[in-house]
Amino acid sequence: MATITKRGQRWSVQIRRKGVPAQSRTFSSKAAASAWATVQEAKIEAGEMPISRSILQSITVAQLLERYLEEVTPKKRSEVTERYRLRQMQRDSLGRVSLSGLESRHIADYRDRRLTSVKAGTIRRELSLLQHAFDIAQKEWGYCLASNPVRDVRQPALRNARNRRLEVGEYERLEAAIDMSRNTWLRPIVRLAIETGLRRGEIIDLQWRWIDMRQRMAHIPHTKTGQPRTIPLTDGALQILEGLDRSGDKVFPITANALKLAWTRAVRRSSLIDLRFHDLRHEAVSRFFELGLSLPEVAIISGHRDPRMLFRYTHLRPTELAIKLQGRRWSNGAEDRTAK
C-alpha cells in the first residue's frame, strides 16, 4: 500500500510491494500524489510492473520456460515439437540457472554441449526459441533482465544444406514401393508434393473448401512462416485431386504420424539412400525453375520470402540447362565473333 507524507510544502509518495521494485515520487499537492499512487498500484495488481532483481534470484530458466509452455506454446501450430524442445532445455543444466545470474556464457555453454549430439540446424531452432522466451519475459511479463542473453551468442554455422533430388529411375522405384503400402493416401500425397512443392504439414492440412478446381488454385492459410498464400495448380496436381474422394472436409484424412510411418517404410522398401519427404519440396522447386519460371513466380508457389532461402532449395541439373542453351544465340551476335 502507498505511503503519502508531507515534507515541507510538497507531498512524498512511497510504494513498497514484495516482488516489485520500490517506487517513490514527490508532488506539489496531496491530490496529485494520491492519483499517481492509485495508478501505480493498479499497474501492480494487473501485473504490469517489472519484477525486481531480488525476485529473479528465485526464478530459474526452467521456471520461465514452464510459463512459456503454458501461455505461449499452446497458441502455436508447432506446439507438439516445441514442447519437446522446451522440455529438453528444462532438463539441461541451463534450466537450473537463476535469471538474476543468467549470462550469455550460459547460453554459449548450452550451445557447445548440444553440438556434440545434434546438428547445427537443431541448435539454431532451439536458440531462436530461447530468445523469443526471454523477449516475452522482458516485454510482456515485466522481468527486469539486463538484456536478452541469446542475442550475444554466435549461432552455429549451417553446413548441412541438402541438394538431394530424385535421380533417373528413383521415382519409379519409390512408386513401386509406395504401391506396396497399406496406406492408400501415400501415393497421391507424394505425387501432389512433387507437383506443388507443398510442405508435409500443408498437404495434411488441405481442405476442399480451399481448392478452386475451375480457377486452378489452392489456398494455403496455415503455413510455416505464418503468411497465407494461394498457389496455382499444375495439370498433374489437378489430375491427382480429381481422382480423390470429396465426401469429407479434408483432402487427406490422415495424421502426420501415420504419413511419417508410411513414408519411412516406403523409402526403406525402395532402398533409396537418404531420401526425406522434404526432399520432394526441393525436387518440386527445382522443376519449376527448369520449366522456366522466374524467381518471383516460384516464390509465390513455394512461399519463400527470402530469395537466399529459395536458392538453397533450388538444385538445377546442368544437363537440363545445357538443353535449354542448345541452339540459342546472343542477341547482339557476340557468339559469332567469338566463334571466329
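**Helix packing and burial, term by term**

Modeller: Helix α3 (residues 61-71) packs against helix α6 (residues 120-139) at an angle of about 85 degrees, and their axes lie 10 Å apart. The model is predicted, so local features need pLDDT of at least 70 and side-chain atom pairs pLDDT 80 or more, while totals for chains, interfaces and linings use all residues. Residues are numbered from 1 along each chain as its sequence is written, and side-chain values use heavy atoms, without hydrogens and water.

Colleague: Why is α3 called roughly perpendicular to α6?

Modeller: The angle is about 85 degrees, taken between N-to-C directions of axes fitted to C-alpha atoms over the stretch in contact, on a range from 0 to 180 degrees. Angles of 65 to 115 degrees count as roughly perpendicular, under 35 as roughly parallel, over 145 as roughly antiparallel and the rest as oblique. Therefore α3 is roughly perpendicular to α6.

Colleague: Which residues make the contact, and of what class are they?

Modeller: On α3 they are Val-61, Leu-64, Leu-65 and Tyr-68; on α6 they are Leu-129, Leu-130, His-132, Ala-133, Phe-134, Ile-136 and Ala-137. Contact means heavy atoms within 4.5 Å. By class there are 10 nonpolar residues, 1 polar and no charged ones. Nonpolar covers Ala, Val, Leu, Ile, Met, Phe, Trp, Tyr, Cys and Pro; charged covers Asp, Glu, Lys and Arg; the others, Gly among them, are polar.

Colleague: What makes α12 roughly antiparallel to α13?

Modeller: The axes of α12 (residues 279-290) and α13 (residues 295-302) cross at roughly 150 degrees and come within 10 Å. That angle makes α12 roughly antiparallel to α13. Arg-281, Val-285, Phe-288 and Phe-289 of α12 meet Leu-295, Val-298, Ile-301 and Ser-302 of α13. These divide into 6 nonpolar, 1 polar and 1 charged.

Colleague: How do you know whether Glu-126 is buried or exposed?

Modeller: Buried means under 20% relative accessible area, exposed over 50%, partly exposed in between (1.4 Å probe, protein chains only). Glu-126 has 2% relative accessibility and therefore counts as buried. Glu-126 lies in helix α6 and touches Arg-85, Gln-88, Met-89, Tyr-110 and Arg-114, leaving aside residues up to four places away in sequence.

Colleague: Where is Arg-91, and why does Arg-91 get the class it has?

Modeller: Arg-91 belongs to helix α4 (residues 79-91). Its relative accessibility is 58%, so Arg-91 counts as exposed.

Colleague: What is the class of Leu-186, and what does Leu-186 touch?

Modeller: With 0% relative accessibility, Leu-186 counts as buried. Leu-186 is found in helix α8 (residues 186-196). Beyond four places in sequence, Leu-186 touches Ile-178, Ser-181, Leu-259, Ala-262, Trp-263 and Ala-266. Ala-262 is 76 residues from Leu-186 in sequence and 6.9 Å away, C-alpha to C-alpha.

Colleague: What span does α5 reach, and which of its residues are buried?

Modeller: Helix α5 (residues 104-115) has 12 residues and reaches 17 Å from first C-alpha to last, close to the expected 16 Å. The expected span is 1.5 Å times one less than the number of residues. His-106, Ile-107, Ala-108, Tyr-110, Arg-111 and Arg-114 are its buried residues, and what covers them includes α4 and α6.

Colleague: How many helices and strands are there?

Modeller: The protein has 16 helices and 6 strands, taken as DSSP runs (H or I, at least four residues; E, at least two) numbered from the N terminus. Buried residues make up 42% of its 340 residues.
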